[in-house]
Amino acid sequence: MNYRHLFHAGNFADLLKHAMLLDLLREMTGGDLALTVIDTHAGAGLYDLASGAARRTGEAVAGVGRLISTPDAPMVFGALKAAVARANLGDPIRYYPGSPVLIQQGLRPRDRYIACELRPDDYAALKGVMPRQAGVLVLNEDGWAAGIQRVTPWPEPLLVLIDPPFERPDDGVKAVDLIEAMLLRNRGAVVALWAPIKDLTTFDALVSDIQDAAPAAPILITELRLRGLGDPMRMNGCAMIVVNSPSSLETHAHEAAEWIASQMGEAGGLGRTEWRNR
Ligand SMILES: C[S@@+](CC[C@H](N)C(=O)[O-])C[C@H]1O[C@@H](n2cnc3c(N)ncnc32)[C@H](O)[C@@H]1O
């Protein structure tokens, strides 16, 4: 496990993932039933953008730095901007909140959050950041295995974020298997998978495998391409693939992806949404 999210925290991909995550949380905490959220690859929780790692890539400056310094950014980023402000107490972009902080702050007292982080150092950091609070469980366990063990049965509301590093060639296959297994236990589970886009053949195969694994679920695919896909060795963009997505997510997801592509992309960049199984 070489991947450390500190190098990439607050980049264009985090902006799309986290804006959509906050939208899903708002939507799914609107009802009476308690919500369970499983974060299979949680990361360190809070990232110091003044660290050498974050400064070396410059990804946060180009991402969240740009967002914060653009007053007329679309409203879809409002909740994320507010969370970044809360994490910073005055200094606009020293710290960037990861999915655990965003989720924990978005939940009600009756909801539950389970975070899995396998790296011991990032797990220790995450434990330090998360409040000791009933309903919040932070595990130093393999999210692929622990995630499925924690699935609540249908009809209990369940939101799952699968955000693997994609440094291993079988991360996509594991994600498809996990989606299929989760839907067998809770057919209403909303499962959001973050995926890189390098070339279309690999990405289309992933989407098609997810469609096969979830043939009865509406799937919203939001693509954010920073440039054309001419060089498959580069990460040319990313996507959020949301199984059992609420319809309301589409407009915001589209707006977020288009804005990021227009602000942070190059020629050939674009944002787009598409439904499968609907
Ligand atoms: C992309 S980062 C997560 C970022 C986080 N979800 C966020 O949005 O702030 C992926 C994380 O997964 C962790 N990881 C890698 N393999 C794992 C596994 N099998 N189970 C749990 N965590 C894993 C890595 O150490 C890394 O911190």
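This report describes a predicted model, beginning with the chain as a whole and moving on to helix packing, the backbone and the ligand shell.

## Overall fold

The chain holds 10 helices and 10 strands. Its radius of gyration is 17 Å, close to the 19 Å that the globule rule gives for 278 residues, so the chain is as compact as a globular protein of that length. The C-alpha trace spans about 45 × 40 × 35 Å when it is laid along its principal axes.

## Packing of H1 against H10

Two packed helices are described by the angle between their axes and the distance between the axes. Helix H1, which covers residues 12-28, packs against helix H10, residues 249-264, at an angle of about 160°, and the two axes lie 10 Å apart. Because angles over 145 degrees count as roughly antiparallel, H1 is roughly antiparallel to H10. The crossing in which H1 passes H10 is right-handed.

On the H1 side, the contact is made by Phe12, Leu15, Leu16, Ala19, Met20, Asp23 and Leu24, while H10 contributes Leu249, His252, Ala253, Ala256, Ala257, Ile260 and Met264. Sorted by class, the residues in this contact of H1 with H10 are 12 nonpolar, one polar and one charged.

## Packing of H8 against H9

Helix H8 (residues 171-185) and helix H9 (residues 200-213) form another packed pair, with axes that come within 9 Å and cross at roughly 20°. Since angles under 35 degrees count as roughly parallel, H8 is roughly parallel to H9. The crossing of H8 and H9 is right-handed.

In this contact, Gly172, Val176, Ile179 and Glu180 of H8 meet Leu206, Asp209, Ile210 and Ala213 of H9. The residues of the contact of H8 with H9 comprise five nonpolar, one polar and two charged.

## Backbone features in loops

Trp154 and Pro155 are joined by a cis peptide bond, for which omega is about 10°. Pro155 itself belongs to the loop that runs between helix H7, residues 143-149, and strand E6, residues 158-162.

Another loop, between strand E9 (237-243) and H10, contains Asn244. Although Asn244 is not a glycine, its phi is positive, at about 60°.

## Surroundings of the ligand

The shell around the ligand has 19 residues, of which His41, Gly43, Gly98, Ser99 and Gly143 come nearest. By class, this shell is made up of seven nonpolar, six polar and six charged residues.

Terms used. Residues numbered from 1 in each chain as written. Predicted model: local features only at pLDDT ≥ 70, side-chain atom pairs only at ≥ 80, totals over all residues. Near = placed C-beta within 6 Å. Nonpolar A, V, L, I, M, F, W, Y, C, P; charged D, E, K, R; others polar. Axes fitted to C-alpha atoms, helices over the stretch in contact; angles between N-to-C directions. Helix = DSSP H or I, 4+ residues; strand = E, 2+ residues; numbered from the N terminus. Parallel < 35°, antiparallel > 145°, perpendicular 65-115°, else oblique. Left-handed = near helix turned anticlockwise from the far one by under 90°. Contact = placed C-beta atoms within 7 Å. Rg over C-alpha atoms; globule rule 2.2 N^0.38 Å.
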